[in-house]
Amino acid sequence: MSPIRIRTKERPVSTDDRPQDPPANSASGRATVGTGPGQPVAAGPDTTGPDTTGPDATEPAAVAPAPDGPGGSGGRRAARGSAVRGEVSLRAPKLPRWAPLLTALVATAAGALLALTLGWGLIAFAVVSAAVYAVALPAWALVVENRRSAVDRLITTLVWSAFAIALVPLVSLTWTVVSKGAPAFSAEFFSYSMRNVVGEGGGIYHAIVGTLLITGMAAVLSIPIGLMTAIYLVEYGAGRRPARVINFLVDVMTGIPSIVAGLFAFALFSIFFGPGVRMGFGGSVALSVLMIPVVVRSCEEMLKLVPNELREASYALGVPQWRTIVKVVLPTAMAGIVTGVMLAIARVAGETAPLLVIAGSTDSVNMNLFAERMMTLPVFAYYSYMQPGVPPQFGVERAWGAALALILIVMSLNLLGRLLGRLFAPKTGR
Amino acid sequence: MATSIDVSDLDIYYGDFKAVEGVTMSIPAKSVTAFIGPSGCGKSTFLRSLNRMHEVVPGARVDGRVVMGGQDLYGSDVDPVEVRRQVGMVFQRPNPFPTMSIYENVLAGNRLNSRRMKKSEADDIVERALRGANLWKEVSDRLDKPGAGLSGGQQQRLCIARAIAVEPQVLLMDEPCSALDPISTSAIEDLIHELRTEYTIVIVTHNMQQAARFSEDTAFFNLAGAGKPGRLVEMNSTKKIFSVPDDPSTEAYISGRFG
Ligand SMILES: Nc1ncnc2c1ncn2[C@@H]1O[C@H](COP(=O)(O)OP(=O)(O)O)[C@@H](O)[C@H]1O
Ligand SMILES: [Mg+2]
């Protein structure tokens with residue numbers, strides 16, 4: 001009997017705290033009363049008390065903490081109090097499993113009602129519903145459960161809302177690109193260049209070739225440099241002065257804006273080939289300026305993860321350091337290194353600005369990295385959108401198609417990275 | 001194929017911190033020598049200085065002489081890699097190479113040094129090392145499975161097999177059983193007992209019974225005082241150390257009165 005009395009005494013307190021949402025409170029009130037004698041799951045002390053040692057054992061303990069326990073923590077304190085008396089109750093009142101669902105329904109209904117009567121749009125409806133949910137569920141939990149659980153439910157709600165908000169642009173972007181780009185896809189789109197194409201037709205073959213060649217060459221340039229830098233930093237440099245300097249320089253490199261990398265490559269190649277130089281290789285150099293720090297950092301992290309014990313085990317077998325690195329450390333870290341490198345490649349494959357400057361733009365296929373302009377997907381998308389030609393709809397459609405193709409390439413690189421990572425991962429055999 | 005080790009006046013440093021001071025001892029060949037002492041007194045540090053693993057730690061150095069087979073290990077023309085080939089090591093936590101199978105783990109010392117060998121020769125080495133480590137019966141049917149998939153005790157014996165596959169003269173073991181259950185521990189103790197006939201074995205242990213059971217000699221290390229470097233208090237035959245030690249602090253430690 002006594003625990004219920006505590007609740008009835010507490011409920012008005014909580015109601016005073018939260019006068020602004022009557023639906024939640026009346027619902028919780030009902031739930032509290034309902035759980036009392038009938039449902040053992042939701043009412044820990046209520047059922048254990050009378051069942052085991054009778055009300056006398058719980059009553060003083062349960063009543064005692066009530067005055068100093070405002071808010072919803074009374075239930076827990078009561079449990080603690082009885083624990084002191086030697087009768088341990090590990091149960092605590094809990095909202096039914098369908099409580100979040102019910103609250104969500106009520107919140108949606110409330111949001112819809114408001115939205116319909118006041119003529120709001122979809123966004124206002126979503127915001128209002130989420131807000132109602134975020135207030136109602138924790139309030140209900142505060143009344144029935146305890147403070148910790150209420151905070152838990154509030155934070156959970158906030159985290160999921162943040163997740164949903166983050167998802168909005170992603171979904172919207174994917175939808176836009178797919179819906180606008182997919183119609184452009186055809187066999188011709190992937191097998192023709194834009195040479196002598198006006199209006200309809202043509203394709204992005206030259207841009208795909210350019211992107212693959214330039215990015216591939218950038219990878220060829222950056223992976224050895226990046227990996228070896230990381231090996232130096234982790235295996236040889238550790239804490240020495242040159243390593244600290246290199247660390248700083250890598251940080252600086254991470255912050256280089258991509259257009260600056262493009263201008264750097266342009267200036268560099270202008271020295272050798274005269275002003276106005278354009279070549280794919282220059283693009284590769286610009287991209288590797290952006291890629292090297294990423295590769296260094298990801299490889300460094302992976303090498304640091306290799307336990308020192310393995311290195312020592314190898315040394316103890318009389319294996320020199322360089323062999324230890326090549327045959328023990330690198331294979332152990334290989335999965336992470338491959339994944340990191342693939343992500344770095346995917347990251348630079350979509351760069352536009354540096355390629356605009358140094359690789360230029362062309363309508364024809366160019367397979368030679370070392371001479372002449374070379375088209376790439378981002379640059380193609382840029383130009384077809386900015387200068388779609390007449391009539392414009394074909395150029396715009398090709399731009400979206402190129403964008404979708406680029407996303408697909410980057411995504412498959414990411415997937416490939418994860419796949420290779422799994423392939424190389426050390427097997428435990430369990 | 002086993003040699004004795006003579007250490008004279010060895011100081012061991014981590015940067016400016018002197019971890020061990022003035023150790024002089026003679027470790028006899030083809031026998032088991034146990035190191036005991038409270039944690040942090042420098043047993044591991046000293047052990048690692050016996051195969052030049054100590055200097056793997058940045059800033060670490062030693063001062064003094066460690067003579068093995070007539071050569072000073074810290075002589076200026078000595079290659080630490082060669083030293084480690086002669087002085088194998090087993091660590092506290094089993095550390096098989098995760099990327100390698102059981103077979104490759106045993107052969108690691110040979111393979112990593114890219115010694116070329118015929119398949120039959122390699123098979124031979126693997127079987128001999130695994131038999132030597134009392135592991136052959138348990139794993140002979142799954143040599144191509146990853147070494148990391150074995151139990152802790154099996155992994156430790158795999159590490160011992162890996163160490164003896166390169167046929168060192170000395171085997172250093174740093175608390176090889178402290179991460180293992182009693183059954184694995186006794187398997188490894190039996191193994192150490194057998195290996196004694198072929199190798200000079202030095203073992204760090206916190207287990208007094210273990211030290212008393214299978215070592216010929218025991219060295220007791222202790223800190224000279226809080227913040228002071230560790231030092232060798234006394235080294236004697238195990239029988240003497242565990243019955244009538246020279247130093248009162250040894251007796252206090254062994255009888256559990258401190259440490
Ligand atoms: N890598 C290290 N760098 C600096 N100090 C160390 C390092 N390893 C051990 N020490 C110090 O050396 C002393 C001896 O340690 P250790 O040899 O591990 O003792 P034991 O093995 O007897 O427990 C301790 O004071 C410890 O803090
Ligand atoms: Mg130790």
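**Close-up 1. Around B:Asn236.** Leaving aside neighbours within four places in sequence, B:Asn236 is in contact with B:Asp217, B:Thr218, B:Ile241, B:Pro245 and B:Asp246. Here, two residues are in contact if their C-beta atoms, placed from the backbone, lie within 7 Å. This is a predicted model, in which local features need pLDDT of at least 70 and side-chain atom pairs count only at pLDDT 80 or more, while totals for chains, interfaces and linings use all residues. Residues are numbered from 1 along each chain as its sequence is written, with chains lettered from A and ligands numbered from 1 in the order in which they are written. B:Asn236 is part of strand S10 (residues 230–237) of chain B; helices (H or I, at least four residues) and strands (E, at least two) are DSSP runs, numbered from the N terminus. B:Asn236 counts as partly exposed because it has 18 C-beta neighbours inside 10 Å. For that label, a residue is buried with 20 or more other C-beta atoms within 10 Å of its own, exposed with 12 or fewer, and partly exposed in between. B:Met25 sits 211 residues away from B:Asn236 in sequence, yet the two are 10.0 Å apart, C-alpha to C-alpha.

**Close-up 2. Strand S7 of chain B and its partners.** Strand S7 (residues 170–174) of chain B is mostly covered, with 5 of its 5 residues buried. B:Val170, B:Leu172 and B:Asp174 are on one side, and B:Leu171 and B:Met173 on the other. S7(B) pairs with S6(B) in the parallel sense over 4 bridges, and B:Met89 stands opposite B:Leu172. Strands count as paired if DSSP finds at least two bridges between them. S7(B) also runs parallel to strand S8 (residues 200–204) of chain B, joined by 5 bridges; there, B:Leu171 stands opposite B:Ile201.

**Close-up 3. Where chains A and B touch.** Chain B brings 25 residues to the contact and chain A brings 23 residues. Helix H2 (80–86), strand S6 (87–90) and helix H3 (102–112) of chain B each supply at least two residues of the chain B side. Over in chain A, helix H14 (residues 308–316) has these buried residues: A:Arg311, A:Ala313, A:Ser314, A:Tyr315 and A:Ala316. They pack against helix H15 (321–349) of chain A together with H2, S6 and H3 of chain B. Just after H14(A), A:Gly318 takes a positive phi of about 80°.

**Close-up 4. The nonpolar core.** Which residues of the largest nonpolar core touch the most other members? Among its 146 residues, they are A:Ala402 and B:Ala161. Helix H13 (residues 280–305) of chain A gives the largest share of this core, 14 residues. A nonpolar core is a set of buried Ala, Val, Leu, Ile, Met, Phe, Trp, Tyr and Cys residues joined through C-beta atoms within 7 Å. Leaving aside neighbours within four places in sequence, A:Ala402 has contacts including A:Ile204, A:Leu377 and A:Phe380.

**Close-up 5. The shell around ligand 1.** Of the 13 residues around ligand 1, B:Tyr14, B:Ala19, B:Lys43, B:Ser44 and B:Thr45 come nearest. A residue is near a molecule if its C-beta atom, placed from the backbone, lies within 6 Å of it. Strand S2 (17–27) and helix H1 (43–49) of chain B give two or more residues to this shell, and H1(B) provides the largest share, 3 residues.
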